[in-house]
Amino acid sequence: SPGNGTDPVVDGVYAVNGTYGLDRYSQYVGLAAVQDIWPGMMIWLLVVIGAVTALTQLGFLGRWLYHRVGNVPEEDLRAKQLPFTIGNIIRIVFNFMLLPVVSLSMFQLVVAGQSPAYSVALAVVTILIVLAFVIWVIRLIVTTRPRVYLFDDLSTVLMYGPLYNTYNDNTATFALVPTFLNIVWGIAIGALPSSGIAQVVVLAICEVMYVLFLIAFRPY
């Protein structure tokens with residue numbers, strides 16, 4: 001939004017006014033309007049992804065120069081470059097940022113009436129991409145036989161490994177549990193902002209489910 005943002009401090013005290021908790025939170029951090037929440041999150045997410053991707057490519061460039069200058073026997077860095085780069089993006093989005101991506105995308109739909117149409121459309125596309133990728137990973141993990149292939153094939157490990165490489169070979173499917181619960185948490189936070197009780201109930205149920213899944217799978 002145009003302008004210099006919001007200054008939430010009035011006479012030395014934080015003073016904000018908003019319908020939803022995320023709306024008030026956006027004012028605390030200085031955003032000008034509620035419709036800036038989702039674009040602001042996505043811009044910074046893309047900045048982080050771009051920076052990590054650039055550092056990854058610099059790392060591969062350094063390896064290539066080391067091989068050329070040091071006359072080290074060649075290795076096929078191209079076979080590692082794309083899987084490792086995509087794996088880093090998957091790690092950022094699904095290991096670290098899945099909860100804010102889902103929750104703020106869902107919240108964008110809640111405040112759709114106050115937001116530009118393109119922001120709402122892009123939020124819907126983001127949610128669909130996340131769900132499509134989760135379905136793809138579920139299919140990959142469930143249908144891969146033998147399961148040890150998920151840990152032995154280098155390209156697969158580099159690309160999808162961030163989701164399951166901390167678990168035992170026979171419990172790789174546990175990777176779906178935190179991913180699914182993060183999506184449910186995100187929906188509760190973003191889509192139910194008008195009912196704090198409903199949010200707390202859903203979050204509590206998810207925590208109990210996570211503990212039960214840990215006991216049942218013993219994935220570590």
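Axes are lines fitted to C-alpha atoms, for helices over the stretch in contact, and angles run from 0 to 180 degrees between N-to-C directions. Helices (H or I, at least four residues) are DSSP runs, numbered from the N terminus. The model is predicted: local features need pLDDT of at least 70, side-chain atom pairs count only at pLDDT 80 or more, and totals for chains, interfaces and linings use all residues. Residues are numbered from 1 along each chain as its sequence is written, and side-chain values use heavy atoms, with hydrogens and water left out.

The axes of helix 8 (residues 176–191) and helix 9 (residues 196–217) come within 9 Å. They cross at roughly 175°. The two helices are therefore roughly antiparallel (over 145 degrees). In contact (heavy atoms within 4.5 Å), helix 8 contributes Val 177, Pro 178, Leu 181, Val 184, Trp 185, Ala 188 and Ile 189. Helix 9 contributes Gln 199, Val 202, Leu 203, Cys 206, Glu 207, Met 209, Tyr 210 and Phe 213. By class, 13 residues of this contact are nonpolar, one is polar and one is charged.

Helix 5 (residues 117–143) packs against helix 7 (residues 154–164) at an angle of about 95°, with the axes 12 Å apart. This pair is therefore roughly perpendicular (65 to 115 degrees). Phe 133, Trp 136, Val 137, Leu 140 and Ile 141 of helix 5 meet Tyr 160, Leu 163 and Tyr 164 of helix 7. The contact has eight nonpolar, no polar and no charged residues.

Ser 119 also lies in helix 5. Not counting residues up to four places away in sequence, Ser 119 touches Trp 38, Pro 39 and Gln 108.

Conventions
Parallel < 35°, antiparallel > 145°, perpendicular 65-115°, else oblique. Nonpolar A, V, L, I, M, F, W, Y, C, P; charged D, E, K, R; others polar.
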